Amino acid sequence: MNGEAASLRIRGSEIELCVRAATLGQDVLDVGKLVASDVFTFDPGFVSTAACTSALTYIDGDAGILLHRGYRIEDLAAESNQLEVAYLLLTGELPTASEFEAFRHSVLAAQAVPAGLYDVCRALPADAHPMAVLNTLSAALAAFEDLAMDMADETARREVAIKLIAKMPTLVAMALRHQAGKPLTEPEPNLDYTANFLAMVLGNTPDAVVVDAMERILVLHADHEQNASTSTVRLSGSTGTNPYAAVSAGIGALWGPSHGGANEAVLAMLEEVGDAEHIDAFLARAQDPDDPFKLMGFGHRIYKNYDPRAAILRASCHEVLESLGTVNSPLLRLAQALEKRALEDDYFVRRKLFPNVDFYSGIILRAIGIPSSAFTTIFALGRIVGWVAQWNEMHRETLKIGRPRQLYLGPGPRAFVAMPDRA
């Protein structure tokens, strides 16, 4: 609280509301007192509502800035890896060499999942969507775990956070192998976190360039403030439910095409465009309010500048395609041409519809061998770090169950009419 206050006059009464100061970014008007006046704020989509305090991630969408615990995403993507970012988000500081080795060892030692979970996976339909499989497995994991934990115990929360970070690659690999109709694989204890995941999926030790690209994808998706899936994890967690159930709820929210499914939609869009000579026609369609076509991978709810994560993945995309001998990929050439034309078009420039992280991540994943229907599972693998860090952070405070209010617009009280008497 910074001493500032705002006054609201309603129904003849004046309510004084305090302003809470942010370390960075916008200050927040605390409207908690409104409940005593029997009035609530109306904010569809929660675009102007801060539902929690957090010290994990800061985004300045206008400037294209993304910070984790104060560290720039560009530096973390270039110098760090997913497990180091996980440690940072969970503890607040980058680890020393010994701290990182101990954390890494604890994660790698917890990657295996119960044998019964493989039976659950095999029992699912062969044509099940990978996100349906992942959601099922993550929820089923709770059936094999001891859920009698003290949520107020920092050590207990850290242990379960490590379990979830450790087991998510195994669950995602199971979902991908199930979709491909291949035998389910187990973790390889001699490989690092990301290399092990790719080995489980691909069935062989991956190329170092591919591992580095996947590492960047995971780091860039680690956390992104109070997005839909993270807010879902927090809302679910506010009930005191077990963390496996909260994460499963987050996976369900992530599945939507307006959230985690966007990179899959980018590939579908590029395939629909088909050839560079069709770009202008599709750009015109995107500007037509009566045409349902959308330019996927451009623009962002938060970023009103170039998504800093997209710039990192653009370079990584070139490295992967060159390493795999697909530098002349028609899909990449089409993506580059589309990006260039869109950034020259006044319509998109004025609206600041710049490429976002989904634009290039899908091309990288396709080149690696991940089917487009499974792209969102990779997003979940990256975001598990943020989900557990957010869940852990919220339990450091006194839990208040999430309970949004509504603006009721239905009918008033009506007399019940027996069925024979209804017209």
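Reader: Which residue is the bridge partner of Ile10 in S2?
Author: Ser13 is the partner of Ile10 there. Keep in mind that this is a predicted model.

Reader: How many bridges join S1 to S2, and which way do they run?
Author: Six bridges join them, and the two strands run antiparallel. S2 spans residues 13-20.

Reader: What order do the strands of that sheet have?
Author: The order is S1-S2-S3. The sheet is open, with three strands and antiparallel pairing.

Reader: Which are the edge strands?
Author: S1 (5-10) and S3 (28-29). Each pairs on one side only.

Reader: Next topic: S4, S5 and S6. What do they form?
Author: An open sheet, in the order S4-S5-S6. The pairing is antiparallel.

Reader: Why is one side of S4 and of S6 left without a neighbour in the sheet?
Author: S4 (57-60) and S6 (71-72) stand at the edges, and each has a single partner strand, so one side of each has no neighbour in the sheet.

Reader: How many bridges pair S5 and S6?
Author: Two, in the antiparallel sense. S5 covers residues 65-68. Leu67 has Arg72 in S6 as its bridge partner.

Reader: Now the core. Which residues touch the most other members of the largest nonpolar core?
Author: Ile165, Phe197, Leu270, Leu295, Leu338, Ile370 and Ile378. That core holds 113 residues.

Reader: Which helix gives the most to this core?
Author: H6, residues 154-180, with 13 residues.

Reader: Back to Ile378. What is it in contact with, leaving aside neighbours within four places in sequence?
Author: Val172, Phe197, Met214, Ile217, Leu218, Leu365 and Ile370.

Conventions. Residues numbered from 1 in each chain as written. Predicted model: local features only at pLDDT ≥ 70, side-chain atom pairs only at ≥ 80, totals over all residues. Heavy atoms only, no water. Core = buried A, V, L, I, M, F, W, Y, C linked by side-chain atoms within 4.5 Å. Buried < 20%, exposed > 50% of the residue type's maximum accessible area, 1.4 Å probe, protein only. Helix = DSSP H or I, 4+ residues; strand = E, 2+ residues; numbered from the N terminus. Contact = heavy atoms within 4.5 Å. Pairing = 2+ DSSP bridges.
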